[in-house]
Number of protein chains: 2
Amino acid sequence: MALIVQKYGGTSVGNPERIKNVAKRVAKFHAQGHQVVVVVSAMSGETNKLIALAKEISASPDPRELDQICATGEQVTIGLLAMALKEIGVPARSYTGGQVKVLTDNTFTKARILSIDEHNMRADLDAGKVVVVAGFQGVDADGNVTTLGRGGSDTSGVALAAALKADECQIYTDVDGVYTTDPRVVPEAKKLDTITFEEMLEMASLGSKVLQIRSVEFAGKYKVKLRVLSSFQDEGEGTLITVEEDKNMEQPIISGIAFNRDEAKLTMLGVPDTPGIAYQILGSIADANIDVDMIIQNVGHDGTTDFSFTVNRGDYAKAQGILETVKQKLGAREVTGDNKICKVSAVGVGMRSHPGVASKMFKALADEGINIQMISTSEIKISVVLDEKYLELAVRVLHRTFGLDQ
Amino acid sequence: MALIVQKYGGTSVGNPERIKNVAKRVAKFHAQGHQVVVVVSAMSGETNKLIALAKEISASPDPRELDQICATGEQVTIGLLAMALKEIGVPARSYTGGQVKVLTDNTFTKARILSIDEHNMRADLDAGKVVVVAGFQGVDADGNVTTLGRGGSDTSGVALAAALKADECQIYTDVDGVYTTDPRVVPEAKKLDTITFEEMLEMASLGSKVLQIRSVEFAGKYKVKLRVLSSFQDEGEGTLITVEEDKNMEQPIISGIAFNRDEAKLTMLGVPDTPGIAYQILGSIADANIDVDMIIQNVGHDGTTDFSFTVNRGDYAKAQGILETVKQKLGAREVTGDNKICKVSAVGVGMRSHPGVASKMFKALADEGINIQMISTSEIKISVVLDEKYLELAVRVLHRTFGLDQ
């Protein structure tokens, strides 16, 4: 008998028929004697409908009230799923984030989980009930409803698994696992049986939309056994996300090619090359709640340097405005930017022990005449920023170059 | 400066445009220096949509989960209205029933309010904020979401007004006040400037759908000054529901003609005429959570008596089934019933001091050849059960008979 947390996304609970199917799947695990906690998203399209409603009231809706509204999407799903379970004879009980309670900070629309009270859930599980929890949401210390940001239901699932010390956290989605790259771009992409947390982290942060990055961080930190599965197939083991790389196998150098088309780059040219520059530039960006992805600063010359970073394309105009103000203050020369870029990355724990991966990657791109605008590397990934028109070509070339088609 | 509770129904907040209009009206009161608490229903149609969704999962949805789902309708409205207020510069904060908190018992789908914590609301009001509260909902002692039943937002409004000792509770609706009868049946129906709580109670319980009966009880009990107004007109004082009849004015004998087409009657014939019979019959009905309206038992003969009552038409089949079981137990002769009936009532505190009202009423109906099936009276109302085909005719005749057209 195991304790399993299962998370079902919006597509998996998209209509009453699908909710009934999820209930059947959960019932199967319950019948096998497992304790099951189910975390669900809003029915697909619902969150967007609620946001559209809010936008009719206000162009930039008040974040607290937006969370109050958006949290209702998941609340409907938990009620329907608990009903569907009871309807087929499985005792069940639904919980909103507040009822659990999932305590978060008060950063509305992007809240972070601080703690989870397992008391109520544990009592229900011990009484043989299936516990159905609303993903994506929590409450702050003052009882305000908060949401965790898009895809936050994954994080809810993993956090609940960590709090309950679950044996496994299963993320059901519309794909049957993690692939070497997006099969829509490279039809030869292969499903991975396992991937390490670190690789998954790089893959997720680089735009492989299978799992929300925070959920992977959480899973790695709390050693939650995480598995990605298809909610539309009964067979298949999905992809297991492991804590350590498999020492017994010949590790492939590169596990996957990730990419992101939603980026924009910004550069401040001729910044006085003095200590504290990076903080002064990025501090203002962070204060505006804009997430920064890549950050690049090369060596300076003539007492000045150039400072570049990338942000989500939706934050481009806002970030540009902030930089113009910062430019005055710092006496920098110019702010430039481009929102027609993409980022392509090769990810793999194997590159730690294999030098020459970077040069192999750059050569492959050069052979296709693709100009590299920016480069950034970590222990297990190499990312390049390219003109967005090269995205598909670059991904296909790299997928082949690193032998992922085989 | 007064403390005003305003309640807006589903039609008044039926779309973003109307929500903005409500915000403007609230802003006007706020600008005049009043403290305002706004109670809102779900946008019209939303609750029905949620119930339909639940019915797709289960023919008789689990009541706890149904409440979990249905409460989201109001939660969306409060977020939107608070947003709309902030958008026009009025500080505002939304509260679900649980956030207030409105403590109820755990009779899901028909919960009763036990207490209201005014702490948070008072702090916001004192800070100059408009407080926006979700009607129709609360939480039980275990933190489960509960709802108060259809029309429960009126009760929420009055209960909040009572808890906050508000100067006035304004119920905004799609009519501009309480009428002598339904203007759709009698075009000559007149708006009443005032009506007593007792009369309103009889009017409401008899089917004048302006206010939910429990809200009127609540208002009477806690001496809340209650006013019914139109949310679509800027002018007009609506109808004030007063604690006492106006001693200074010539009181009309009858204030209004109420009616209800949603009733069904049930009779148990030949019940042994012994103590405890009424309890044994109605106890089983109450246990099934069926509300009983009129109850009639006439003097018995030959050791048996006939026992009749009316229920909501939707509960007719269920009540009939229960009576068949009770019949066996009591050794009664037969259960009969009719769900093609209606109830028409003349209501007025004036009848206390005017004998002969009943006979005037019966004569008027007899003159039109309308057969009376059942009669029940209280201090201030006379109700008759008729074949439903006579409803409009009876209401028109009585409205004219008691001079309400003038």
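This is a predicted model: local features need pLDDT of at least 70, side-chain atom pairs count only at pLDDT 80 or more; totals for chains, interfaces and linings use all residues.
Helices and strands here are DSSP runs, with helices of at least four residues and strands of at least two, numbered from the N terminus.

Keep one expectation in mind while you look: most residues other than glycine have a negative phi, and most peptide bonds are trans.

Begin in chain A by selecting A:Lys101, which sits in the loop between helix H4 (97-100) and strand E4 (102-104). Display the backbone here, and you will find that the peptide bond leading from A:Val100 into A:Lys101 is cis, with omega near -5°.

Next, move to chain B and select B:Lys101, in the loop that runs between helix H4 (97-100) and strand E4 (102-104) of that chain. The bond to inspect is the one from B:Val100 to B:Lys101, a cis peptide bond whose omega is near -5°.

Return to chain A and select A:Thr109, which belongs to the loop between E4 and strand E5 (113-116). Although A:Thr109 is not a glycine, its phi is positive, at about 70°. A:Thr109 counts as partly exposed because 17 C-beta neighbours lie inside 10 Å, a number between the limits of 12 or fewer for exposed and 20 or more for buried.

Finish in chain B with B:Lys223, placed in the loop between helix H8 (213-221) and strand E11 (226-230). B:Lys223 is likewise not a glycine and has a positive phi, of about 55°. Is B:Lys223 buried or exposed? With 11 other C-beta atoms within 10 Å, B:Lys223 is exposed.

Conventions:
Residues are numbered from 1 along each chain as its sequence is written. Chains are lettered from A and ligands numbered from 1 in the order in which they are written.
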